[in-house]
Amino acid sequence: MLHIVKDSTPSLRSRCKEVPLPLSKENQELIDEMLRYLLSTQDPDFRKKHPGTREGVGLAAPQVGHNVRMLVISYPRYNANGEIDGKTEYQLVNPKITTTSVRKAYLDAGEGCLSVDEEHPGHVIRHFKITVEAFDAKSHQNIVITARGYDAIVLQHEIDHLDGILFYDRIDKVHPDKTIPGAYVC
């Protein structure tokens, strides 16, 4: 089982290396194991058997001790009636944000992270809409993702890990709960 690296570990502050393509067997196994681990954190029975494990929606390779540009994301999608209507799930290699919106977005309750045990209250101001280009380790092809709102926030959080940035680095130290007029608030 993978081990989550905590934010006190210096390697989490390093920019990650590009992953050579095509994916090596080792890198494919790593990103597959990352997705399996992330999915297990979403299982209440797993969390009961492994106290201290928190539920996650994303995981970047540096969080499990590998400073390479890979990440996984998985969480349910909901329809207008609040019912689960599918799943958002990615296994991205060398993701790069190519466009961003002027409009901002943030989670009203703030962000959390599997690598951060301490609470860091405040708004993490991010772009409402982004375009990401990456290699998809599931389909084994290059893809382009256009993400808005929560989807964009999650992608930006995980891509930040690949650049050695933690969510609380983006909280305004003087006005942590400041709001942005016109921002999308989740």
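T53 counts as buried because its relative accessibility is 19%, where buried means under 20% relative accessible area, exposed over 50% and partly exposed in between (1.4 Å probe, protein chains only). This is a predicted model, in which local features need pLDDT of at least 70, side-chain atom pairs count only at pLDDT 80 or more, and totals for chains, interfaces and linings use all residues. Residues are numbered from 1 along each chain as its sequence is written, and side-chain values use heavy atoms, with hydrogens and water left out.

**Around T53**

- T53 is found in the loop between α2 (44-49) and β1 (58-60); helices (H or I, at least four residues) and strands (E, at least two) are DSSP runs, numbered from the N terminus.
- Leaving aside neighbours within four places in sequence, T53 is in contact (heavy atoms within 4.5 Å) with Y37, T41, F46 and R47.
- The side chain of T53 reaches the backbone oxygen of H50 at 3.0 Å.

**Nonpolar cores**

- A nonpolar core is a set of buried Ala, Val, Leu, Ile, Met, Phe, Trp, Tyr and Cys residues joined through side-chain atoms within 4.5 Å.
- The largest nonpolar core has 21 residues, and those touching the most other members are L23, M34, L59, V64, M70, V72 and V93.
- α1 (25-41) and β2 (70-78) each supply at least two residues of this core, and the largest share, 6 residues, comes from α1.
- Beyond its neighbours within four places in sequence, M70 is in contact with residues including V19, N27, A60 and L162.
- A second, separate core of 17 residues includes Y75, I143, V154 and L155.

Technical notes
A polar contact is a pair of N or O atoms within 3.5 Å; within protein, one must be able to donate a hydrogen and the other to accept it, and residues adjacent in sequence count only if both atoms are side-chain atoms.
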